[in-house]
Amino acid sequence: MTKSSDLRLTRMQLNNGSSQIPALGFGTLIPDAGVTKTATRDALEAGFRHFDCAERYRNEREVGEALRAGRAAGGIGREEIFVTTKLWNSNHRPERVEPAFEASLDRLGLDYLDLYLIHTPFAFQPGDEQDPRDQNGNVLYDHGVTLLDTWRAMESLVDHGRCRAIGLSDIGLNEVLPVYESARIKPAVVQVEAHPYLPETELLEFCKEKGVVLLAFAPLGHGMKPGLLEDPVISAIAARIGKTPAQVLLAWAVQRGTAVLTTPRTAARAKENFNISALPDDALNEINRIQTRQRLNEVVKTGVPGFIART
Ligand SMILES: NC(=O)c1ccc[n+]([C@@H]2O[C@H](COP(=O)([O-])OP(=O)(O)OC[C@H]3O[C@@H](n4cnc5c(N)ncnc54)[C@H](OP(=O)(O)O)[C@@H]3O)[C@@H](O)[C@H]2O)c1
């Protein structure tokens, strides 16, 4: 990791040997298509160069349009941005992986991806229905495919040269380990919920030891209230150093060695969330001593996306 008190510039080396991921990323989990476009454009203008997308967010087309327009206006080359998207649960069958990848690339309007993640380790009934259920409302899982089967198909995408790195998401250490051990191409990134109330210390230690980047989502507690943004330790540090609670939480995430995703929806918040700098050691230690433990998103247990409303 590059070291500087100006954390906006932090980039982390990926284990593919050729790419670096900007530590501070913009997440595109935004239900409204119009807001997706303006927020993505605002994020690019504020300085974000890492964009996290997903087939499941159903807005790759809007993200792609906003990135194209913003890059043209700002003279920003493709190599200057880092774009991730994710394979959804209903596409885990190996023969569905490449078509799903191509469809995402097409919607994003890109000819390669920097990173492709398996969105969750849970395979759903294969097909175009993203949320397959039986008549009682129970999720229809697909027990005919293993995570390793899907991983092999992900490895082929890297072989074919249109995807620079692959990884996992919404997964615990016990499920990462067998994939890591059997993988020909090791996961470069593991994306999970992580913040001071869910520090994922054991997974982070594993990732650091293996050179895998842990990419934290919901660093601001998904904006839920009351929550991390109102935590007294965070608020006190923010007041003491003249930063906002959001800036404190994002800086903590980067300084502890994770990459991090945040979803500011306005231009002012994009500037605020991008403008992060290193916290003093005493502040880091105070945050590390917070005892509250809370998981906000149960997707890791079921594969059902906790922050996406059912339609
Ligand atoms: N792999 C997965 O399953 C998974 C799951 C969840 C998320 N993600 C990814 O991670 C990204 C980030 O997750 P997240 O949306 O939970 O991140 P987050 O940044 O913790 O929460 C976003 C919420 O925080 C609020 N917020 C943002 N900046 C703020 C600020 N400066 N001050 C006060 N409130 C602020 C926003 O509220 P307003 O709406 O009021 O602006 C927004 O709704 C997602 O977009 C997605 O890309 C992945």
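Reader: Before anything else, what does "buried" mean here?

Author: A residue counts as buried when its relative accessible area is under 20%. Please bear in mind that this is a predicted model.

Reader: Is Cys-53 buried or exposed?

Author: Cys-53 is buried, because its relative accessibility is 0%.

Reader: And what about Cys-163, buried or exposed?

Author: Cys-163 has a relative accessible area of 2%, so this residue is buried.

Reader: How many disulfides does the whole structure have?

Author: A search of the whole structure finds zero disulfides. Cys-53 takes part in none, and its nearest cysteine sulfur belongs to Cys-163.

Reader: Changing topic: what volume does the largest pocket have?

Author: Its volume is about 1000 Å³. The lining has 44 residues, and those nearest the centre include Leu-29, His-222 and Arg-265.

Reader: Which element gives the most to that lining?

Author: That is α9, with three residues. This helix spans 267-274.

Reader: How do the residues of that lining divide?

Author: There are 19 nonpolar, 15 polar and 10 charged residues in the lining of the largest pocket.

Reader: How much space lies in the second largest pocket?

Author: The second largest pocket holds about 260 Å³. Its lining has 15 residues, with Glu-55 and Arg-107 among those nearest its centre. Helix α3 gives the most to this lining, with six residues. By type, the lining has three nonpolar, five polar and seven charged residues.

How values were computed
Residues numbered from 1 in each chain as written. Predicted model: local features only at pLDDT ≥ 70, side-chain atom pairs only at ≥ 80, totals over all residues. Heavy atoms only, no water. Disulfide = S-S within 2.5 Å. Buried < 20%, exposed > 50% of the residue type's maximum accessible area, 1.4 Å probe, protein only. 1 Å grid on protein atoms, 1.4 Å probe; cavity = no way out; pocket = protein on both sides within 12 Å on 5 of 7 lines; lining within 4 Å. Points joined across faces, edges and corners; volume = space filled by probe spheres on them. Helix = DSSP H or I, 4+ residues; strand = E, 2+ residues; numbered from the N terminus. Nonpolar A, V, L, I, M, F, W, Y, C, P; charged D, E, K, R; others polar.
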